[in-house]
Every structure is written in C-alpha cells, then in structure tokens.
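Q: Could you walk me through how to read a sheet and a single residue in a model like this one?
A: Gladly; let us look together.

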Amino acid sequence: MPSGLIFDVTGIGNAIVDVLCFTDDTVIAKHELIKGSMKLVDEARAEALYKKMGQATECSGGSVANTLAGMASLGSKTAFIGKVKNDQLGSIFIHDLHAVGVHFSTPLMERGPSTASCLVYVTPDAQRTMATYIGACSRVSEADIDEQLIDNSAVVYVEGYLWDTPSAKAAIRKAIDLAKKSKRKIAFTLSDTFCVDRHRAEFMELIKNNIDILFANEAELKSLYQSDDVEAALKELKGICPIAAVTRSERGSIVLTPDKKEAVPTQPVARVVDTTGAGDLYAAGFLFGLTRNWELKACAALGNRCAGEIITQLGARSMRPLKDLVA
C-alpha cells in the first residue's frame, strides 16, 4: 500500500444480511429458483420464502462486504460504502462489519425500503441458490461516495450487482472518477452470470476503460464473451485490463495479464460444507497480497487458500481468523 494511506481497500457494494438454510433440490424446484444462481425478488416474495424456510442462520453478507471482512481477518485495513436502513437487519449488518474491524460510516436510511436480505439455500452438494431482496441497497447514491475515503484507499473495489439501479450506477461512476483523479487502483467483480447478461455491453466498456483488476469465475467470463469455451474467452479478455483473476473452483485460478497467463492450483479440502462466499474470499486473499506488492502468483495462491477455508464453513464470513493462511 502506498505510504500515507489509511485503507488498503474501500469497497462499494450491496449491504445484505444473509439467511442461510440447508435444504434439497426439491425445495429449489418448488420455489422456481435456478440452482446455483441468484434471483432478485421483491419484498413480498422475500417474506413469503422466508416463512417457508426451515431452521436458518442469519449473518451479514454482500459480495464486497464479505471480501472486506475477509481482508480484515487477514490483517488489512478496509472500509465499506453501502446502504442499510435503521432497522433490525441494518443493526445486524453494522455490528458484524464493525466487529471484524471494517470501517463503515454511510448514513442510515430512516425511511424507505428495509435493509436488504438474501435467502441462501444450501443443498447437499454444497451449492448455494439465492433469492435476494435488494431493499435499501438500491438507494446508494452519489451523495454516499466519500471523497476522502476514496483518496485514502489504495484500491477501490466495486461489485457488478450494483449496476442494476441507476442511482448506484451513478455512485460507482463518481467513485471511479475520484479514484482515477487520486491515481488509485480500481477493482471490479462480475458478480453473477445473470448480472453479466443484463449489463454485458456496459461491463465490457467499463472493463476496457476503467478497471485495473477484474475478478470473475469461468461461467461469468464465458457469459461476458458469449462463449462456451473458457480458453476462447480468456483470449478475448487478454490485454483488455491490466490484471484479471479467474476462479475455477477445485482447479484453483488463472491470473491473466497482457503478457502472461498463469494457472495457480489449489489444495483439496477435507469436506465442502457451503460454497457461499468462495469468490468473495478469493478476492480478499488476492487483494491482500496485491496491496502488499506481492507477485501475482502469490496473490492468487492466498486467494485460493482463503476460498478453500470458507467453503469448509457455513456462510461467507469466516468464524476462524484467516491470518494463519498468509504464511
């Protein structure tokens, strides 16, 4: 991290409280959800699904927020920009971020939609299927972007999910402009294949002109380039942005730069419990290393280890400190 800065990474993302339960494929089909993906639902639908859930666990989530919490567990200084309401779930979200050491000072909403929630159905194969009510998340605006926070961060990290609302999109563009003005790095995650489908052209323009570090999994990358062949998609991406990190589940990840493509393997885990947050924690490890000027292969290796750790637990926030993984 450049000297004099306060934060390694400031992230802008959806502030969501996850509600996780174990279930089976019949429940997924019954609720007309698409296994392994995220579906946006309105408040009434979210409440109806929640009432039909079995025993569940509530914990704070949101892709970028999970990454920042993971980085804090590794030893980074991080900050989050996102919108919650002054309600019960909002209090849970704020408590959980502050408890792990993530700075969060975005003003709370007193009126309007409630704090966002994500119902996460975990099947026996450890796949997660999500129904998300974005609620207060949709109210992130340019007014929430703190110029001093951006200026005092080595990297600004944004999630693709935010692109679904015009006010959040405007907030992202403001943050990107401020980051460029301060000569800070800009990282972006594609978030989800359906998110890519909705915003493909805009994402491609954003990546080409503004993004320094791109995170994606193989499915998202194939969706971006509308290809069934991940190698063909990687060839399309090469040279478009300075660094791309593409996750490959049990096969580790690929780091792509204009000059090199390097596969970084991962170690198998004893038992996969829940794949929720694997990509988020990969980004945590990668950005931890990057802000310490590690070689990219070492950044990816730590990302793989963090992802491997979180899939042995329920949820996307590690109950065990991640500092030991740095070694």
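A: Five strands make up an open sheet of mixed pairing, ordered S3-S8-S7-S2-S4. Strands are DSSP runs of E with at least two residues, helices runs of H or I with at least four, numbered from the N terminus; two strands pair if DSSP finds at least two bridges between them. The model is predicted, so local features need pLDDT of at least 70 and side-chain atom pairs 80 or more, while totals for chains, interfaces and linings use all residues. Residues are numbered from 1 along each chain as its sequence is written, and side-chain values use heavy atoms, without hydrogens and water.

Q: Which are the edge strands?
A: Strand S3 (38-40) and strand S4 (57-61), each pairing on one side only.

Q: In which sense do S7 and S8 pair?
A: Strands of a sheet pair through backbone hydrogen bonds, either parallel or antiparallel. Here S7 (residues 116-122) and S8 (residues 128-133) are antiparallel, over six bridges, and valine 122 stands opposite arginine 128 in S8.

Q: What does aspartate 25 contact, leaving aside neighbours within four places in sequence?
A: Contact means heavy atoms within 4.5 Å. On that basis, aspartate 25 touches Lys35 and Thr123. Its C-alpha atom also lies 8.6 Å from that of proline 124, 99 residues apart along the chain.
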